[in-house]
Protein chains: 2
Amino acid sequence: MEKFSRNQRIAAITKILVESPNKVINLNSFTEIFNAAKSTISEDIVIIRDILSKLKVGNIETISGASGGIKYACNISEIEKEKFIRELCFILKEKDRIIPGNFIYMTDIMYNPEMVHKAAVILASSFNKLSADCVVTVETKGIPLAYEVAKMLGVKLVIVRRDTRVTEGPTVSINYLSGSSKRIQSMSLSKRSIKRGSKCIFIDDFMKAGGTALGIIDLLKEFDSKVLGIGVLVDSVENKRKLVDNYISILKFKGISEDGSAILIPW
Amino acid sequence: MEKFSRNQRIAAITKILVESPNKVINLNSFTEIFNAAKSTISEDIVIIRDILSKLKVGNIETISGASGGIKYACNISEIEKEKFIRELCFILKEKDRIIPGNFIYMTDIMYNPEMVHKAAVILASSFNKLSADCVVTVETKGIPLAYEVAKMLGVKLVIVRRDTRVTEGPTVSINYLSGSSKRIQSMSLSKRSIKRGSKCIFIDDFMKAGGTALGIIDLLKEFDSKVLGIGVLVDSVENKRKLVDNYISILKFKGISEDGSAILIPW
C-alpha cells in the first residue's frame with residue numbers, strides 16, 4: 001500500500017479538519033487513509049495544532065476515551081477580527097444603503113459567502129464552549145449566517161418559518177408581538193425539525209427591539225427547548241430598551257447621521 | 001521576523017485555500033504571512049496541489065499575469081461521491097418520511113451542514129468550469145445548499161423571495177405557473193441584489209415538473225440575466241415531461257413503492 005510523506009499527510013489532514021469543525025474524528029480514520037502508525041499521525045497533528053494556535057486561526061482538542069479522537073474548533077485572530085469589522089463598518093456606511101423607514105440595506109452582505117464566513121467564525125468562536133445542540137434562525141436573510149455558525153459548531157440548523165408548508169409535516173405555530181412595530185406576527189416550526197430538550201443558539205442578521213428573539217424563546221418553550229445564546233450581525237441601539245438580554249452583535253447601529261449615513265459602532 | 005517550517009506553512013496555506021474556494025490568491029500574500037521567498041511558497045503549493053489531486057479532493061490552478069496567483073477548486077472522489085449518495089438514498093427511504101401528498105420529508109437533510117457540504121461539492125464540481133457570476137435559489141429549503149455551492153464557486157448568492165420586504169428596496173415581481181399543481185404563484189427579486197447581464201446557476205432542494213426553475217429563468221430575463229445550469233438534490237421523475245432541460249440532480253425520485261417507502265435512483 002502507498003505511503004505518504006509528512007508534508008502530504010499534513011495538507012490532507014488539515015483539509016479534513018477544517019471541513020468538519022467541532023466533529024470528533026478518530027485517529028484510526030487517518031491511519032487507514034494514510035497507511036501510517038498512530039504515533040506518526042499524532043506527530044502530524046501536533047504540528048498542525050501548533051501552527052493553528054500560533055496564528056490564532058483554530059484550536060485542535062484531544063478527546064480521550066473509546067469514542068475519542070481530535071476535534072477542530074474555529075478561531076479568528078484579534079487583528080483579522082478588527083480588520084473585518086472595520087471593513088463591514090465602511091461598507092454599511094455607504095449613503096445609498098439607507099432605505100425608507102431607516103433600515104440599512106444589508107442583503108448583499110448577508111448573501112456574500114466570504115463575509116458570512118468571517119462573521120460566522122466571530123460568532124461561533126464565542127459560542128463554542130456552550131455545547132449547543134442546534135442553531136436556530138427565522139427565515140430568510142439570516143439563514144446563510146446561521147448555517148455557517150451551525151457548521152462551525154458542528155450542529156444542525158433549525159429554520160423557523162413565517163408560514164407553514166405541506167412538505168414539512170405537522171407544525172407548531174405561535175403569535176408574537178414585534179418589539180418595534182407592535183404588530184402581531186406569527187411563526188411556525190415543524191415538529192420533526194427539533195428534538196425536545198434541545199439547547200439552541202439563535203442567530204439573525206439584525207435585531208431591533210428583540211421581539212423576534214423573544215418569539216423564538218417562546219416558540220422553543222413549546223418544544224421544551226431553550227436558547228443558550230443569541231448572536232446577530234447588527235443590533236440597533238436606537239431603541240434603548242431591549243426585550244432580551246445576553247446577546248452578542250458584531251456592530252451596533254445608532255441611527256442615521258446628519259449627512260445621511262448610518263452611525264455604526266464596532267463590537 | 002519569525003520563520004516557519006515547511007510543515008507549518010503547508011498546514012496554514014491548505015487552511016487558507018480550503019476556506020476560499022475559487023478565489024485567486026496572490027503568492028505575495030503568502031510570502032508576507034510566512035516571511036518566505038516566492039520560490040519556497042511555490043514549492044509548498046506544488047506539494048499541496050499534488051496530494052489534493054492524488055486523493056481527488058481538490059485542484060489548485062495557477063493563474064498567470066499581474067492579477068494572477070493560485071486558485072483552489074473543490075472536488076470529490078468517485079468513491080466518496082458514491083458513499084454519500086448511497087447514504088442519502090438509505091436515509092430518504094425511511095418509511096416515516098412520506099408526507100401526505102407524496103412528498104418526502106427532507107428538511108433535516110437540507111439543514112444538516114455535513115450533508116449539505118457534500119452535496120454542494122458534488123454540484124459545484126460540475127459547474128466549476130462555467131464561470132458563473134452567482135448562484136440563485138428561491139426561499140427557503142434550498143438556501144443552505146445554494147449558499148454552499150456559491151461559496152465553493154467563489155460567487156455570491158441571490159435569494160428570490162415569495163413575498164416582498166421593506167428592507168430590500170425596490171423589487172421586480174413576476175407570476176408563474178407551478179408545473180405540477182398548475183397554480184399561479186409569484187416571486188420577487190430585489191433590484192439591487194443582482195447585476196444586469198449576470199450568468200447564474202439555479203440550485204434547489206427538489207424539482208417536480210420544473211415550474212419554479214422556469215419561473216426563475218423568466219424572472220432573471222427581467223434582469224437581462226441567464227441561467228447557465230440547474231442543480232437539485234432530488235428530482236421527481238414521476239412527471240415524465242419537464243419544463244426545463246439541462247439540469248443535474250443527485251437522486252431521482254420515482255414515486256412510492258408498495259411497501260410505502262420512496263423509490264430512489266442514484267445519479
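This is a predicted model: local features need pLDDT of at least 70, side-chain atom pairs count only at pLDDT 80 or more; totals for chains, interfaces and linings use all residues.
Residues are numbered from 1 along each chain as its sequence is written, chains are lettered from A in the order in which they are written, and side-chain values use heavy atoms, leaving out hydrogens and water.

**How the copies relate**

- Helix α1 (residues 6–19) of chain A packs on helix α3 (residues 38–54) of chain B at about 65 degrees, with axes 9 Å apart (helices are DSSP runs of H or I, at least four residues, numbered from the N terminus; axes are lines fitted to C-alpha atoms over the stretch in contact, with angles from 0 to 180 degrees between N-to-C directions).
- That makes α1(A) roughly perpendicular to α3(B) (65 to 115 degrees; under 35 is roughly parallel, over 145 roughly antiparallel, the rest oblique).
- On the α1(A) side, N7(A), Q8(A), A11(A), A12(A) and K15(A) meet I47(B), I48(B), I51(B), L52(B) and K54(B) of α3(B).
- By class, this contact of α1(A) with α3(B) has six nonpolar, two polar and two charged residues (Ala, Val, Leu, Ile, Met, Phe, Trp, Tyr, Cys and Pro are nonpolar, Asp, Glu, Lys and Arg charged, and the others, Gly among them, polar).

**Within a chain**
- In chain B, α1(B) and α2(B) (residues 27–34) pack at about 135 degrees with axes 12 Å apart, and are therefore oblique to each other.
- Here R9(B), A12(B), I13(B), I16(B) and L17(B) meet F30(B), I33(B) and F34(B), giving seven nonpolar, no polar and one charged residues.

**Aromatic pairs**
- The count comes to five aromatic pairs over all chains (Phe, Tyr or Trp rings, Trp by its six-membered ring, with centres within 6.5 Å; planes under 30 degrees apart are stacked, over 60 edge-to-face, the rest tilted).
- Y147(A) and Y147(B) have ring centres 5.9 Å apart and planes at 70 degrees, so the pair is edge-to-face.
- Y147(A) sits in helix α7 (residues 143–153) of chain A and Y147(B) in helix α7 (residues 143–153) of chain B, so the pair joins two chains.

Terms used
Contact means heavy atoms within 4.5 Å.
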